[in-house]
Amino acid sequence: MTTLYEGAFAKLNLTLDVVGKREDGYHDLQSVMQTVSIRDDVEIDVGTGKPWVLTCDKEGIPCDARNLAWKAAEVFANAAKKDLGGIEIRITKRIPSQAGMGGGSADAAAVLRALNRHYDYPFSIMALAELGAEVGSDVPFCVLGGTAMVEGRGERLRKLPDMPDCIFVVCKPDFSSSTPELYAKLDETAIPKHPDNIAMERAILAGDIGQIAENIYNVFDPVVTAENLEMNYVKSIMNSYGSLGQQMTGSGSAVFAILPSFEYAAVVCNMLKDNYSNIFICKPV
Ligand code: ATP
């Protein structure tokens, strides 16, 4: 039996646009995504000789074939034509769930990367990302990591230069929003504003954190904010204490801000900590 260790990093959507609805009912997205230093830890025992087991230290996460980490192991075993000989997956959770931070997808990507390494790289990184699309739409990006333009349902990836070093504060309010409901609401109305992904790419290329902060935009943000005034509160605190820009990530409900320094980030956290327990300071990775 061998034990594999892999970090599972959360993602933020610096931009998120819905650019069309497909005939199969899914939406076409265009998003600049960034991995950040908030991580789950994934440990995998390969070759236990026993039935598959998955454990997670956080309540409410499915610990069976519904878990994306489990699905990823199945997808890998089928595609690589390997008998894993029984596995045990242990997940230590730090990424908040239903936050828009890709927690489950990050765990799945960690399993794919770890198994690919264990079996001496049967898949290139891009082939592994493609496999990830069979597990979930954010998994391909989580396999690749860094900074990337993500399109389609999440399966089309274009690596961008790493975004410049900066400090993020992420706050996850207690409510959660339903992703299908959000898409339904977007379908009902014309999207009033879209992110400028060309300007975002240019800002990343130039390493200009001010321009990056100016161009963060998520089409779901106004939809969620309209119904949850709390979002305005969180964003206004961030804005009042030095944030260069703040926005919801994914389908929420976590909100992130870009701060000019750790000191500013600490002040924002201090101002939010009495009302919110899920607050993080993190960096791009
Ligand atoms: P995304 O940003 O991709 O929309 P999310 O923020 O909605 O992700 P996740 O942490 O991925 O949140 O969890 C969403 C749901 O997925 C959970 O409520 C849980 O039932 C299920 N799930 C399956 N596998 C996992 C996993 N490994 N970790 C967390 N949740 C998982």
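User: What lies 2.7 Å from a polar atom of the side chain of T35?
Analyst: The backbone oxygen of V285 does. Keep in mind that this is a predicted model.

User: Which backbone nitrogen lies 2.8 Å from a polar atom of the T35 side chain?
Analyst: That of G146.

User: Where is T35 found?
Analyst: T35 belongs to strand 3, which covers residues 27-46.

User: Is T35 buried or exposed, and why?
Analyst: T35 is buried, because its relative accessible area is 5% and buried means under 20%.

User: What is T35 in contact with, leaving aside neighbours within four places in sequence?
Analyst: F9, A10 and K11, then F141, G145 and G146, and also K283, P284 and V285.

User: Which residues sit on which side of strand 8?
Analyst: I167, V169 and C171 are on one side, while F168 and V170 are on the other. Both faces are covered.

User: Why the two sets?
Analyst: In a regular strand, side chains alternate between the two faces of the sheet.

User: How many bridges join strand 8 to strand 11?
Analyst: There are 5, and the two strands run antiparallel. Strand 11 is residues 255-259. Within strand 11, I258 is the bridge partner of F168.

User: And how many bridges join strand 8 to strand 12?
Analyst: Strand 12, residues 279-282, is joined to strand 8 by 4 bridges, and this pair runs antiparallel.

User: What stands opposite V170 in strand 12?
Analyst: F280.

How values were computed:
Residues numbered from 1 in each chain as written. Predicted model: local features only at pLDDT ≥ 70, side-chain atom pairs only at ≥ 80, totals over all residues. Heavy atoms only, no water. Buried < 20%, exposed > 50% of the residue type's maximum accessible area, 1.4 Å probe, protein only. Pairing = 2+ DSSP bridges. Polar contact = N/O pair within 3.5 Å; in protein donor to acceptor, adjacent residues only side chain to side chain. Contact = heavy atoms within 4.5 Å.
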